[in-house]
Amino acid sequence: MGLEKNTAFELVKGRVADVIQEQGFTLKSDEVADEQDGSRIALFVTEKKAVGIVWDAKKKQYVLQIGTVTDGKVDENWRTLALWLFDPQTQDDKDAKSIANDFEDSLRQLNPKNAPVKREPVQSKKSKITLNGMVENFVKLYPQYQDRLDAHIEHYGQLLPDTFIDEVMAEYMMSMLTQKKNAFIKKLFEFLNNHYNNGDDDVRSAIMVTLFRHLLDNEEAERLAQETYMSETLKRSWMQMGRMLRKKGDQLPR
């Protein structure tokens, strides 16, 4: 796939380029990372920082990431600023514009170049929460599910976090939402908002797809979660993912 054929990537890159060039970044490279599937990365740098726009074709996701530059070389330690799933088969430039808008917002929230004292070196070094960690944290928060976790591990011979999230966490979430147990919903979504912000890519994907796909079965529960309990970041991501999942559902044979 030639560089010029990925119009969604060009749209996202062009919008982001306008913002980060205002912050002193210049385009260092723009290349296809995988010739077979068309995965691609555009890299912008300053003397000390790097911003990457990544299209991962296998995972069907756009990632905005930030890193550091040392002695002219980009370090390997990247921090994800934003992540959006995107299916070229069912989504179009309108969806790409939503991604570009979110990437722009994420970059504008970065500290201006004339205020280095407010940088967050501790946060950038913080380890991301993994899927296993998310499940463990859930059981710590809700110890009544320890027996379900033990039974799960005994049945499968190991922890399958996506399966546990799909079978146990989703059941709890939908139960609380349908019964409108507000205090319990608030506690759960504080947990989910935190893990979405601080989790790795697999955690974010599991929340968006494995867990929140259950919201599609109950319009009232989805509205309650989205309008009252999701953080703005989580809400924006779910609005995008929800559109994609609904489009896929519409294309299934009836």
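Helix 6 (residues 161–179) packs against helix 8 at an angle of about 60°, and their axes lie 10 Å apart. Axes here are lines fitted to C-alpha atoms over the stretch in contact, with angles running from 0 to 180 degrees between N-to-C directions. Helices are DSSP runs (H or I, at least four residues), and strands are too (E, at least two), numbered from the N terminus.

Keep in mind that this is a predicted model, where local features need pLDDT of at least 70 and side-chain atom pairs pLDDT 80 or more, while totals for chains, interfaces and linings use all residues. Residues are numbered from 1 along each chain, and side-chain values use heavy atoms, without hydrogens or water.

Who touches whom (contact means heavy atoms within 4.5 Å)?

| helix 6 | Asp162, Ile165, Asp166, Met169, Ala170 and Met173 |
| helix 8 | Ala206, Thr210 and Leu211 |

By class, that contact has 6 nonpolar, 1 polar and 2 charged residues. Ala, Val, Leu, Ile, Met, Phe, Trp, Tyr, Cys and Pro count as nonpolar, Asp, Glu, Lys and Arg as charged, and the others as polar.

Now for confidence: pLDDT, the predictor's confidence in each residue from 0 to 100, averages 84 over the protein, and 89% of the residues score at least 70. Over residues 112–125, though, the pLDDT is below 50, and this stretch has 8 contacts in the model beyond near neighbours in sequence.

Conventions
Contact = heavy atoms within 4.5 Å.
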